[in-house]
Amino acid sequence: MTETASRDTCLTQKHQCPCGDDQCYIDEEAYEDDEFTEQFGPAEPSFLPGIPRTFGTTKIIPPPYVGQSFQNDDEALEYYSNFARNSGFLVRRERSKGNPEHPLGVYKRELVCHRAGPPLPVKSGEENASKRVRKKKPSRCRCDAQMVIKKNVTAGATHWVVVNFSNVHNHELLDRNNLQFSPGYRYISAVDRERILALAKGGCNVNLILRALEMDKGVKPGELTFTEKDVKNFLQASVSINPENEGSELLKSCKFMKEKNPDFRYEFTSVEANKLEHIAWSYVGSVRAYTVFGDVVFFDTSYRLHAYNRPVGVWFGIDNNGYIIFFGCAVLLDEKPDSYRWALQAFLHLMDGKYPQTMLTDFHIGLKDAVMTEFPHTKHAFSLWHIMSKLPSWFSVLLDAQYEKFKAEFCRVRDLETREEFEHEWDQMVTEYGLNSDRHISLLFVHRSYWAVPYLRSWFFGGLLATGDLSVKSFFRGFVNSQTRLKDFVEQVGVAVDFQNQAGEEATTRQNHQNFQIKTCLPLEEHTSTILTHYAFEMFQKEIMTSTQYAVFETSRDTYLVRHHLSSDGGHTVSCLPSNEEVSCSCKGFECSGILCRHVLRVLSLKNCFLVPEKYLLHRWRRESSLFPKSSGYNYRTQALRSLASIIIQESSITKDRFEYVQWHLSRLLNHIRDMPAADEATLDLELSSTFDATVDVVPARTVTRGRPRKLKGLTKTAKEMQAM
């Protein structure tokens, strides 16, 4: 079975608790991604959490079912693998259909039991004559257990759907307790890696390391998720690395890239005879993206290169199509406040001195102090994902059976409307669960202005508030793994950036051919559909559809109380000044997301406003703000035609009449094109510079949103125009 990328990566999560106690650490790998979804502001379809990992746990995974949907095929494989472990078998990929040249890429996969298929052929006697071979029973026995998934593109979104599932095995299942010794399930977690390195540095041999880990986890000998051989291999791989030489090689790599591409940017500091201390870098496309979408930045420092014992910081943002975009990366010497201050200074220098409006980080006291010093006018907040990921380590053992109830109450209090309500309900919650003297609950309350929703409503987050571990994992997946050396890290990150840029360009091109489905027939909705991107319009459409459920009461001149029609009290206050085209709402929805909230839209509709004021259609959410709209080079033309061809194929293959119509006109169009000049006569194409000058082979992104095809009417018009030529 193919191991998951998260287990393979050389980037591992750190686990230092912000309380400052050296004996207190955070086990964020045990946090379930599906336990938390953003309840603040408009829904963010790009950031739905994935299926949780259950390795090393006893959580019961329900069997897959026909019609079950996943965000991508890796998520489906991980879910089925977790189910298989609970059931007593392993999973492997069998057949797949599609290829990078297909409009949908790989569109079908078969995931089967490890004993599926006919027995493998045994080597002939001549091959085995020179050595004794132990006869063993074939592992494959034509087992029919499988899960078949197929790519489904609907309403501009790509999902993988289960189309066939069978859990009928023709062999005995394995003991769940023994599955940990199978190669597919043996792994060393990030926490264990750090612990192993620390014990080895202290002089412990492999046997002592295993005994210490067994005592730490409270398990019997042989019940760890890895063996003695795994520890030896891990230590051997770590010893073979020379951090000082790797650091100098990394610096040489950056200098070489700068010589090849003068627009490549990097900053570094050295100590002790050119020993690399810190380094940060960015690419020309990332700097350009920051000028447009640098209003909100997520600085994720929750990962480290375990083989080099160095923390990694990655700056991310979100574009107008809802995709995570890369701004920059840093490899630091340690996690001290001075290191973080240097990283922030370097980032500001790389981005030509432009400060972000909002910055999200992990809950880290040293990082908080660094942001306060270097970015004094930037709103700093802690990612809600990182806050929630710490709760199990802090309170699950302490509260035992009451933990789940406490977590639900914590989320409710976190999302209250006002600060007064939050502080009142917080005191009641702390008293109810007997946490008055707990240092972690006190730490959270002291820093409530960094994570509690009532304190964050007036700041723009653009959907990044709840994004954390998932975005970084998905960004590095397939590009950085346990074999990646420090000297190759910059180049591999660049490949990942190019991959994401191609995915974004494909998405932008497809959205240019999408039709927006108007659901309310309100002029406000029709107006925004011509301006906003598909992603932003979906957020707006959700708000305007929900606005029809609200009642409006005029409390004074140009001031209104808006509440749900089923509520008898509460509500939000909306101020509307038509003469100045100014509106505001006490919910602060526009300030947070950049999209007018349902309360304002309800008032505008009742006041016969047919157009959304220009100032409330933010430039960052408009179509013209795309990073890839103005290119005229070969790469852009190829991508645009590929996307259009995919749409034509989907539309024309529905019926025989459509197929014959399109086939006839495309044949004539092809003959016309062949008669045209084969090269531009006036000017040469100027390509958008990629991250590297070197050629990089990139396959289509599996998670790219695919647009819905145009109607046949549009195709008919195009064909008539070509016929007239």
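Predicted model: local features only at pLDDT ≥ 70, side-chain atom pairs only at ≥ 80, totals over all residues.
How many aromatic pairs does a search of the whole structure find? The search finds 34.

**Aromatic pairs**

A pair of aromatic rings is described by the distance of the centres and the angle of the planes. Select F83 and F89. These two form an edge-to-face pair, with 6.4 Å from centre to centre and 80 degrees between the planes. F83 has a relative accessible area of 5%, so it is buried, the cut-off being under 20%. F89 has a relative accessible area of 0% and is buried as well.

Next, select F422 and Y455. Their ring centres are 5.9 Å apart and their planes stand at 90 degrees, so this pair is edge-to-face. Which parts of the chain does the pair link? F422 is in helix α13, residues 419–432, while Y455 is in the loop between α14 (439–446) and α15 (469–476). The two residues are 33 residues apart, and the pair links distant parts of the chain. F422 counts as buried because its relative accessibility is 0%. Y455 counts as buried because its relative accessibility is 9%.

**Charges over rings**

Select Y290 and then K354. The charged end of K354 sits over the ring of Y290, 5.6 Å from the ring centre. Move on to W621 and show R620 with it. R620 lies over the face of W621, and the distance to the ring centre is 4.7 Å.

**A stop at S529**

Select S529, which is placed in helix α17, residues 523–529. Is S529 buried or exposed? Its relative accessibility is 10%, so S529 counts as buried. Which residues is S529 in contact with, leaving aside its neighbours within four places in sequence? They are F516, I518, F537 and R623. Show these four side chains together with S529.

**Salt bridges**

Side chains of opposite charge can pair when their charged atoms come close. In this model the count comes to 24 salt bridges.

Begin with R109 and D73. They form a salt bridge in which the closest N and O atoms are 2.7 Å apart. R109 belongs to strand β4 (residues 106–113) and D73 to helix α2 (residues 73–87).

Then select K390 and D362. The closest N and O atoms of this salt bridge are 2.9 Å apart. Where do the two residues sit? K390 is in helix α11 (residues 384–399), and D362 is in the loop between β12 (358–361) and α10 (365–374). They are 28 residues apart, and this pair also links distant parts of the chain. K390 is buried because its relative accessible area is 1%. D362 has a relative accessibility of 3% and so counts as buried.

For the next salt bridge, select D415 and R414. Their closest N and O atoms are 2.9 Å apart, and both residues are buried.

Notes:
Residues numbered from 1 in each chain as written. Heavy atoms only, no water. Phe/Tyr/Trp six-rings, centres within 6.5 Å; stacked < 30°, edge-to-face > 60°. Buried < 20%, exposed > 50% of the residue type's maximum accessible area, 1.4 Å probe, protein only. Helix = DSSP H or I, 4+ residues; strand = E, 2+ residues; numbered from the N terminus. Lys NZ or Arg CZ within 6 Å of the ring centre and 35° of its normal. Contact = heavy atoms within 4.5 Å. Salt bridge = Lys/Arg side-chain N within 4 Å of Asp/Glu carboxyl O.
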